Amino acid sequence: MQLRRTLKTLAITAVMALATVPAAAQDLLARQAPVDKKLKAVDTLALRSMVQREQAAAPSGQLYKDWNNRYAHRASELPDSFNINLRHFCMPTTSRIITSNFGSRWGRMHKGLDIKVYIGDTIRAAFDGKVRIVRYEANGYGNYVVIRHHNGLETIYGHMSKHLVGENETVHAGDPIGLGGNTGRSTGSHLHFETRLCGVALNPALMFDFKNQDVTGDYYFFRKDTYNKESLAANRVRGKESTDLASADNENIGNNVEGGNVRYHKVSRGETLASIARKRGTTVEHICKLNHITKTMRVKPGQILRYS
């Protein structure tokens, strides 16, 4: 009898003990919650502080003394040498066709690479950074974007049909920033791509290999005394070839692109889509389909059109 009462007492005590555990645990969590919130706030502030310190210590923070949304580029003094980090990049376009090199062209300096894109093709940010300029320039870049990157470079993307970002917006490598187009001073849809250091245009072919859709290395080490020689060599290795579109004339040009015999026509003054179609033995509809344009589009002298 005594044993039975003892067991009953133990059972009741155990049940009561189990019943009180959740309440105690809840009290503990309730007391801990404000501490967790404080720690989270401290962690957030520490993270923000760390990011700000890293950005301040980034090459762009050392090279550029101001931030403005007025000038697309304003040259300042170049360092004698500078190591440019090319890691964590994205190619601005998947196109592999370069139509015009960096350097002297038609009696003036061409300060970027022209890459063949079609109207509506996605154009992407080359590196992480912040958008400085989003603008339209009728007699130059057309719709263009300027991005300042943490690695010290600024990149310019010209002749786009549409902007997809705004000024002072933070972007990451690969983010869409615009669509390919034929705006501004342009004779055919393409991307005009510039890389600038301290506002001075550098040959993008020193850093970007569009034909192989890659950068030339993890870093590009700029040196004032060897830059010109390196730029010429980069054009020979990674620039426009003699059979590229920009050298097309009004004769048929065979070009092995996409595995077929592709042919192009360079528009002369007074020509229309209809007259070109008649001359090349094709239709306006076929030319429009190949070049991603509409029948109502006015072609310009010097423009390159694919017709087969």
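Lys 130 lies over the face of Trp 67, at 4.9 Å from the ring centre; a charge is counted in this way if NZ of Lys or CZ of Arg is within 6 Å of the ring centre and within 35 degrees of the ring normal. This is a predicted model, in which local features need pLDDT of at least 70 and side-chain atom pairs count only at pLDDT 80 or more, while totals for chains, interfaces and linings use all residues. Residues are numbered from 1 along each chain as its sequence is written, and side-chain values use heavy atoms, with hydrogens and water left out.

**Aromatic rings**

- Rings of Phe, Tyr and Trp (its six-membered ring) pair if their centres lie within 6.5 Å, and planes under 30 degrees apart count as stacked, over 60 as edge-to-face and the rest as tilted.
- Seven aromatic pairs are counted by this rule.
- Tyr 141 and Tyr 144 form a tilted pair, because their planes stand at 40 degrees, with ring centres 4.8 Å apart.
- Tyr 141 has 10% relative accessibility and counts as buried, as does Tyr 144 at 2%; buried means under 20% relative accessible area, exposed over 50% and partly exposed in between, with a 1.4 Å probe and protein chains only.
- Phe 193 and Phe 210 have ring centres 5.9 Å apart and planes at 80 degrees, so this pair is edge-to-face.
- A cluster joined by ring pairs contains Phe 127, Tyr 157, Phe 193, Phe 208 and Phe 210.

**An open sheet**

- Strands (E, at least two residues) are DSSP runs numbered from the N terminus, and two strands pair if DSSP finds at least two bridges between them.
- Three strands form an open sheet in the order 6-12-10, with antiparallel pairing.
- Strand 6 (122-124) and strand 10 (162-163) are the edge strands, each pairing on one side only.
- Two bridges join strand 10 to strand 12 (residues 176-179) in the antiparallel sense, and Lys 162 has Leu 179 in strand 12 as its bridge partner.

**Pocket and cavity**

- On a 1 Å grid over the protein atoms alone, a cavity is a set of points where a 1.4 Å probe fits but cannot get out, and a pocket is an open set with protein on both sides within 12 Å along at least five of seven lines; lining residues have an atom within 4 Å of a point.
- A volume is the space filled by probe spheres set on the points, which are joined across faces, edges and corners.
- The largest pocket has a volume of about 910 Å³.
- Of its 35 lining residues, Arg 105, His 110, Asp 114, His 159 and Arg 185 are the closest to the centre of the largest pocket.
- Strand 13 gives the largest share of this lining, four residues.
- One cavity of 30 Å³ or more is found in the whole structure, and the largest cavity holds about 60 Å³ of space.
- Residues that line the largest cavity include Lys 116, Tyr 118, Asn 182, Met 297 and Leu 305.
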